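Take a moment to look over the model below. The text then walks through it, one part at a time.

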Amino acid sequence: MTPPRSAFGAPPQGGAASGPAEPVPRRPLDQTALVQRRGLLLGVRGWAAVICALALLTVVIPLLNRVVPDGHVFHVSDYAVGLVGKILCYAICALAMDLIWGYTGILSLGHGLFFALGGYGMGMYLMRQIGRDGNYKSELPDFMVFLNWKTLPWTWSLSDSFVLQMLLVVLVPALLALVFGWFAFRSRIKGVYFSIITQALTYAAMLLFFRNETGFGGNNGFTDFKRILGLPIATPDTRIVLFAVTGVTLVGFYLLARAIVNSKYGRVLQAIRDAETRVMFTGYNPLAYKLSIWTLSALMCAIAGALYVPQVGIINPSEMSPSAGIEIAIWAAVGGRATLIGPIVGAFFVNGAKSWFTVAFPEFWLYFLGALFIAVTLFLPQGIAGLFKRFSGETREKHS
Amino acid sequence: MTPDLMEEGAKRRQAYEARQQAATDTESGGREAGFGRIAKLGVPDFTQGVALYLDDITVSFDGFKALNALTITVNVGELRCIIGPNGAGKTTMMDCITGKTRPDSGKAFFGSTIDLLRLSEPEIAQIGIGRKFQKPTVYEELSVFENLELALAADRRVRASLFSRLSGAQLDRIGETLTTIHLRGEAQRSAGLLSHGQKQWLEIGMLLVQDPKLLLLDEPVAGMTDEETERTAELFLSLEGKHSLVVVEHDMKFVDQLTQGRKKVTVLHEGSVLAEGLLSEVQNNQKVVEVYLGR
C-alpha cells in the first residue's frame, strides 16, 4: 500500500504565494527573510484564494442555487449542491488523512470508523428530533419500537440536547483515537502493522454496529430524519445552510492544518516520517507527537461525518467497511500527499469521477478506481498536486 | 519547637543556600570531595571526571553475546577512539548507551549519578548524549536549515514546538554551524539532495547544535573524501575538551589523526575490550594483530 519514499511530495515552504525556496548557492543566508516567511500563514495570493473559496461556498453557490431560477444557465441544481456538499465532507477526511499519512507517515485505514462514529453521533440526535413523527408514532426511534424496547439505552442519554450530543460527536471518536493510539504508538507499532490494526479495529466496529443489540439500528442504521434544530431537514434552504457550514469547516480545517504543518511541530512530524529514530535520539518523544496529530486527525474525520449525515440523510455500518477507509487513503494519494490542497483536489477528482462513472458505466467503476490508484502510484507519485507543480515549473529538485 | 532547634535549622538552611550558590559559581560546583554532594535530579554530575561509565555490560541476541562483560570508562573532555573488527559489538555498545538496546546485565552511568538503563531514548538525548548513526540519517524532505532547527537544543515538548519561534541567538547558532559544516550555500536545499559526505556533515552539525556533553560517533567519515575526512578530524579535535567524544572508526589514518599519537584507543573484540592503549602500541599488540589478520 505504501508507495516508494520518493512518493512523498516536497513539503510546502511558507505561503502558497511566496513561492518555493530556491537554493541560492554561495550567498549568505538571508535569515530575516527566512523567519518572516515562516511567520506568515499564507501569502497575499493565498489569503485571496481562501477568501474566494469562502465567498464561493457561502454566498455564490447558495445564491445560484436559491435565487437564480430553475432552468437558468447559472442555476446550481439541488442535486449538485447535495453532491458537492457530500464531497466537501470527504475532502475534510482526505485532509485529516493527509496530516497523519502524508505528513507523519502513518497510514491509517481506520479513518472510516471515526467518520462513521461522528455520523452516528449526529444521527442519534437527528433520530430523537423525529419525535412522534415516525412510522410507529412513538417517543422512541422506530427501530427500538420494532425491537420492542421500552426505554432508551444509556448511550442515548444525551441525544436530546444538540449541544451535548455534538460534544459527544467530538469526544467519543477523539477518546477512542487517543486510547487506541496510545497503546499502538507506545508499543511502537509502525508501518503496515499499524495499518492492518486500524483496519481490524474498523472491521470489528462494523460487526458490532451491525448487531441490533448494540442499540444503533443494526444494519439499517439511522435514516428518515425529519428535523435539525427544529428546522425541516430535507428542504433546499436547510440543505444550502448545511452546505455552507461544511464549506466553512473545510476552509477552517485547511487553515488549521496549514498552521500546523508550518510550525516547528509540523516539521517534527515530517521528521518522524523521514527518520523516526533520529527524532528519538535528538530528544523528541515521538509518542506525544504522533498521538496528538492522530487524535486531531480522527477528530476532523468525526466532524466530517457529523456534517455528512444530515446532508445524505442516512448512516449505517457500511460507512465503517474496510473499503471506506481505503477510499479515504486513495483520495489523499491521488491528490498528492504532503501538500494540503492536494487531498482536497483528490477528494473532488475521485468522487466527481465516481458519480459520473457510476451513472455512465456502473459496472466498471471499481476497475477504474483500481486502475487510477495504480496509475497514480506508478506515474504520479506526488499525485495531482505534484503534476501541477511540475507544469508550473515550481517543483523542487527531485531525488537523484 | 525550641529556639535552639530553630536556630539550628536556620544555620542548615544558610549552609544549603551557600552550597547552591557555589554550585552555580564554579566549574566543579565548589565541591572538592565527593561527600555531602547534593545530586540534582536529572542533571548529570561530572565532578569525578567521568563522563561515561560502562560496567560489565552483557547483551545477548538469541544466545549470541554481542557484548560480553564490557567495561569502558570515558573521561570528561576525552576523545576516545574505538576500533575493532566487524561484529565486535561497537554499534551494540552505542545502542546500549543511547537506550535502544537494554543489556541483560551490567551498569551504564552518565556522569556519576545518571543511570542510563532507566531512561528512554529521548530522555537520554535530552540529558546530553548525542549520537551519529553509521548510515547518515537526516530528514530527507526537510531543508538543511530545518534539519538543524529541529536538532537545536530547545524544549522538546509538543506545546513548545507548536508555538516555537527562532530567536536571533538561535539563528546565529544555526548560521555558525552551517559555516562549520560547510553547508551554508545549501541551507535551503532538501537534505535528501546532499551527497553522502555532506549528509554525514549535516548529521554532525545536527549533533553540534544539540549541544550534547557526550557525542557518540559511529563511523563518521565513511564515504567522505580525504579532504573531508581531514576537516572532520580537525572539527572533532576542536570539540575535544569541551565535549567528550566516542568515535567508532575503521579508518586507521583517521584514528591516527584524532589520537595524535598520544591518546588512548580501545580495541573491541567479541563484545569485550581486547586491548587499550596508544594506537602504535595497540597495532603492535600480538592479540590485536591476530584478531585483525585471523589466526
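What follows starts with chain A as a whole and then turns to a sheet in chain B.

This is a predicted model. Begin with chain A. Its secondary structure comes to 15 helices and four strands. The chain has 400 residues, and 43% of them are buried. Now consider the contacts in chain A between residues with a separation of 6 or more. Of these, 78% join residues 24 or more positions apart.

Chain A is also divided into domains. The domain assignment gives domain 1 as residues 46-76 and domain 2 as residues 86-325. Taken over C-alpha atoms, the centres of domain 1 and domain 2 of chain A are 28 Å apart. The two domains touch. Eight residues of domain 1 of chain A and seven residues of domain 2 of chain A take part in the contact. What classes of residue does domain 1 of chain A bring to domain 2 of chain A? The touching side of domain 1 has five nonpolar residues, two polar ones and one charged one.

Move on to chain B. Here six strands form an open sheet. Read across the sheet, the order is β6-β7-β8-β3-β9-β10, and the pairing is mixed. Strands of a sheet pair through backbone hydrogen bonds, in parallel or antiparallel fashion. Two strands of the chain B sheet sit at its edges: β6 (129-132) and β10 (272-278). Each of these pairs on one side only. On average, neighbouring strands of this sheet are turned by 20 degrees against each other, with direction ignored.

Strand β9 of chain B covers residues 264-269 and runs antiparallel to β10(B). Six bridges join the pair. B:Lys264 in this region stands opposite B:Leu278 in β10(B). B:His269 stands opposite B:Ser272, also in β10(B). What do β9(B) and β10(B) form together? They make a hairpin, with two residues between the strands. One residue in the turn is B:Glu270, which has a positive phi of about 50 degrees.

Helix α7 of chain B, residues 196-210, lies across β6 and β7 (214-218) of chain B. Helix α7 runs at about 175 degrees to β6(B).

Conventions. Residues are numbered from 1 along each chain as its sequence is written. Chains are lettered from A and ligands numbered from 1 in the order in which they are written. This is a predicted model: local features need pLDDT of at least 70, side-chain atom pairs count only at pLDDT 80 or more; totals for chains, interfaces and linings use all residues. Domain bounds come from an automatic or database domain assignment. Ala, Val, Leu, Ile, Met, Phe, Trp, Tyr, Cys and Pro count as nonpolar, Asp, Glu, Lys and Arg as charged, and the others, Gly among them, as polar. A residue is buried if 20 or more other C-beta atoms lie within 10 Å of its own, exposed if 12 or fewer, and partly exposed in between; C-beta atoms are placed from the backbone. Two strands pair if DSSP finds at least two bridges between them. Axes are lines fitted to C-alpha atoms, for helices over the stretch in contact, and angles run from 0 to 180 degrees between N-to-C directions.
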